[in-house]
Amino acid sequence: MSLKRALQFCTVLSIVIGLMSFLRLSAPTVSSAQSGDWPMFRRTPEHSGYNSDQGPISVPIAVKWNHLLSSGSQGFASPSVADGSVYFGTSDGRLLAISADTGGQRWSYPTGSPISSTPAVSDGIVYFGNSAGTVYALDALNGSVRWVHTVGGTVASSPSIRNGRVYFATSEGRIYALDSVTGTVAWTNTIGVSIVSSPAVTGDGLYIGTMSGSIYCLDPNSGTVRWQYSAGSAIQSSPAVLGSTVYAGADNGTVYAVNTNNGTLVWKSLITVANVPDSGGGEKFENVFATLLGIRSSPAVANGVVYVGSLDGSVVALDAVGGSVRWQKATGGPVYASPAVAGGKVFISSYDQRLYALDAGNGNDLWSYSVAPTQSSPIVANGSVYAITQEGTLTAFGSVLANTPTPTVSPTATATPTPTATASPTPTATPTPTPTQLPEGPGPLATVAVGSTPSAVDVSASTGMAYVTNMEDKSLSVVDAATNKMLITVPVGVSPSGVWVNSTTNTIYVANQGSNSISVIDGNTNTVKSSITVGTLPVAVTGNPVTNTVYASNQGSNNISVINGATNTVTDTIKVGLGPSAAAYNVAANILYVANQGSNSVSVINGFSNAVVASINVGNGPTSLALNPDTNRMYVANSVGSSISVVDLATHSVAATVPAGNSPRSVAVFRKGNLVYVANRGGNDVTVMDGTNNALLATMSAGAAPVNLAVNQDGARLYVVNSGSGNISILPIIALKAPAAGGPPDGTILATLGTALSWGTVSGATQYQIQITPANNDGPNINLIRNIEPSYTVQPPVVGIGNYVILPGMTYTWKLRVSYATAALTENSPLWGPWSTGKTFKTAPPSANTVTLVDPVAGSKVGNRTPTLRWTNSNSSIFYYEVQVSENVEFGTGSFRYWEIRHGAASTPPNSYIIPTAYPLQPGSTYYWRVRPRVQGDGTPVEWTTASSFQTP
């Protein structure tokens, strides 16, 4: 029997039984793409590889945007495009949704295992599998889980969606059809050989290749095999179906055309370099791949032609009816990728590190673009071409260039020796950590949409308001930290790129690089009260709130404008290094530090005299810096060097260089916990560093292209500006390291019921939560939220004083966690850090030797048949007892008249048991009774007291 008491500060366990009814939705019946989308592998369930909805595409085409995956992450499968988003999987196990227009990340879903197949999108759901044998259905809008189904074996096969079912295969040779709405298995068929091919599905058949060299046709409704054709060589490409013919390539270099009705061979064509005609000058195609055979490329079928790539380095067009070669194009490397046909062109990538656009009619090379090595296939959707490289870049090509955050190139940028930075081996040599190498930090508390191309943020220490500059909108967004809502948009100058809040005067200063000015905004009314002309291309602004002095970093004129905050006039100009990009003021030391992006240095300026007193050499391309006066450290984000320079402010020297993420653009410090946060524009994430030892602790996902961040020191919030997705991510600041639980040593057996629990404190923590849980959750527990302290003493239970919090003879597990929040937290708050590893102790066992049976007196005759049995206990810490009453002195099995559990302190009188009036004892009978302390959880039962007897009247 489980006995529990509710305690002050204790968690109340509520068991809620939800009654849910599911309305079966009508299954999607769409089998082909809508409009110009490319929603699954090879675009249609039939695997046509042809976007028939795409009009003519003019070449050359330009790069619209690049989306860089996390460092070390790769993309092997082609993406899908549906409803304005690009979906694809990565080698580090994430399914990403990217804006098709801007390349900004919309959401990311981690699976923990590599994804090597193309997702399929249908009716607002994204379907895909991973190498762990798990198939997912996620909401296409936000990445939330609709259902998950585990099958076993690697799922390298890309799913096809048709008539409300999801079709795919596994490496173990099983083919599945799942219900697209619920994820339940409609049917499965085990072929018995490994499958990496993806199924092409029509209304009449499912067609797939196997590593044993066969093409199978299965009934899509039942999964039964209709026919099998043996090609004699492994088929790793995926079939394509047009009319009554299915086309597939094999590892022997042959393309097969098979009748869909009966599985008979229609034609076959061996692809070799001998087919390649000369270039007109008598030169034949010859390279190191000339002897390679093999078709790993999945064919595309359009307008009576079959297009396919070959490992011999060529792209070939075959007549769909007879299999004759219409044209063959030689590339400089093996072609693993599958062709995409659209707008009269064939788009395909080769291992010669180029993406090609070929004339679909004659194979002429119309356009090519240098890319990293890739096996992924390009796709064409809504006028854009999308391609993923193995080095981790998703590129969108189209008719227009992507917008850049900086509208003009500053003269400084021209003067800066950029080629030196490009040629420098530092970025390559730096071992940049990847998000998969570090634990995943907390996700955002909120994402707030702001203006177009947001660029910078600062938080008021007095009001908690966050202020975000929007470059394209020429505006400043005001975000309420309490509600995470945007309150108002204030118009400012051209291309605002920097902001600083003077919390003392509640004044906001905005650097407008396009109009060479500083906008001065009243924080009480959110109105512009002045505009100050400064140097060329002011990109950042900071200040000294004590002296009310403001400093503008003018990247174009290589100087700092000094502004009197009382009069809003420029009082001085300080010449610094090339391309000053950011500044920070050390109020305690009265020193201004300026990051010079063009000269890879930090200028040290005396705040009294405005004189440059030192220059600190840092990494390549410093774009941001942050100070921690408590530790006398400065952190500089080097965007080109992908590193953080840790500067000792006492000596003005670099104490350490720490590898950061991909293209770090901004850095901020949470002083209370001595944590350093770095926004990595190229990685779409934030790296967290321990300021105590410069160790990298975690990465946190952000939006697309995070370029700036700010810390709310009191609110324990981090604000991240995502320039690519037009929003800010508001992230909780938590203690990423749990407290180290100390004594007593794990597994200690206590001599008493009370004990002191101790632990190591976490720097900057303001409160902690401790939980002490009995084995099997049998009995009362402790769940406290307290002010920070290094220990807590568990008191032994005392009748009438407090709650009964710990019992004898039981194992307890305890753990704790801390928070930086200044306001009182509930236990469900996201501001808590991780729990420490649980440690156990066992309380001293009870004994029946301390128990004395008092009444009835042994051998006496009681006055009625419902007597009261009473006992005493010299151990005041024991409250729970077991009582047995039997007519058998041996208390044999089945002889018990009563076997009850009693809380001695709660019974009346204390330590007693009254025979129930509804079940009186037999008249004129002798009964025996005994008592022992009740042991709960995992405790070992103790011996009983010596039995005592009495007689009934």
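1. Let me start with a ring cluster: Tyr-109, Phe-128 and Tyr-136 are linked into a cluster by ring pairs (Phe, Tyr or Trp rings, the six-membered one for Trp, with centres within 6.5 Å; planes under 30 degrees apart are stacked, over 60 edge-to-face, the rest tilted). This is a predicted model, where local features need pLDDT of at least 70 and side-chain atom pairs count only at pLDDT 80 or more, while totals for chains, interfaces and linings use all residues. Residues are numbered from 1 along each chain as its sequence is written, and side-chain values use heavy atoms, with hydrogens and water left out.

2. There are 24 aromatic pairs in the structure. In one of them, the ring centres of Tyr-109 and Tyr-136 are 5.6 Å apart with planes at 65°, so this pair is edge-to-face. The two sit 27 residues apart and join distant parts of the chain, Tyr-109 in strand β6 (residues 105-110) and Tyr-136 in strand β9 (residues 134-139). Strands here are DSSP runs of E, at least two residues, and helices are runs of H or I, at least four residues, numbered from the N terminus. Both Tyr-109 and Tyr-136 are buried (under 20% relative accessible area; exposed is over 50% and partly exposed in between, with a 1.4 Å probe and protein chains only).

3. Another pair worth a look is Tyr-167 with Trp-187, which is tilted, at 6.2 Å centre to centre and 50° between the planes. Tyr-167 belongs to strand β12 (residues 165-169) and Trp-187 to strand β14 (residues 185-190), 20 residues apart. How buried are they? Tyr-167 has a relative accessible area of 3%, and Trp-187 has 6%.

4. Now the whole chain. It has three helices and 76 strands, and 58% of its 953 residues count as buried. Among contacts (heavy atoms within 4.5 Å) with a separation of 6 or more, 51% are between residues 24 or more positions apart.

5. On to the cores. The largest nonpolar core has 42 residues, and Tyr-677, Leu-718, Ile-733, Ile-770 and Ile-772 have the most contacts inside it. Strand β67 (residues 811-819) gives the most to this core, four residues. A core here is a set of buried Ala, Val, Leu, Ile, Met, Phe, Trp, Tyr and Cys residues joined through side-chain atoms within 4.5 Å. Beyond its neighbours within four places in sequence, Ile-733 is in contact with residues including Phe-670, Val-711, Tyr-820 and Leu-831. A second, separate core has 29 residues, among them Leu-69, Leu-96, Trp-367 and Ile-379.

6. Where is the enclosed space? Residues lining the largest cavity include Leu-807, Met-810, Phe-879 and Arg-934. On a 1 Å grid over the protein atoms alone, a cavity is a set of points where a 1.4 Å probe fits but cannot get out, a pocket is an open set with protein on both sides within 12 Å along at least five of seven lines, and lining residues have an atom within 4 Å of a point. Points are joined across faces, edges and corners, and the volume is the space filled by probe spheres set on them.

7. Finally, the second largest pocket, with about 660 Å³ of space. Of its 36 lining residues, Gln-105, Trp-107, Ser-108, Ser-701 and Ala-702 lie nearest its centre. Strand β6 supplies the largest share of the lining, five residues.
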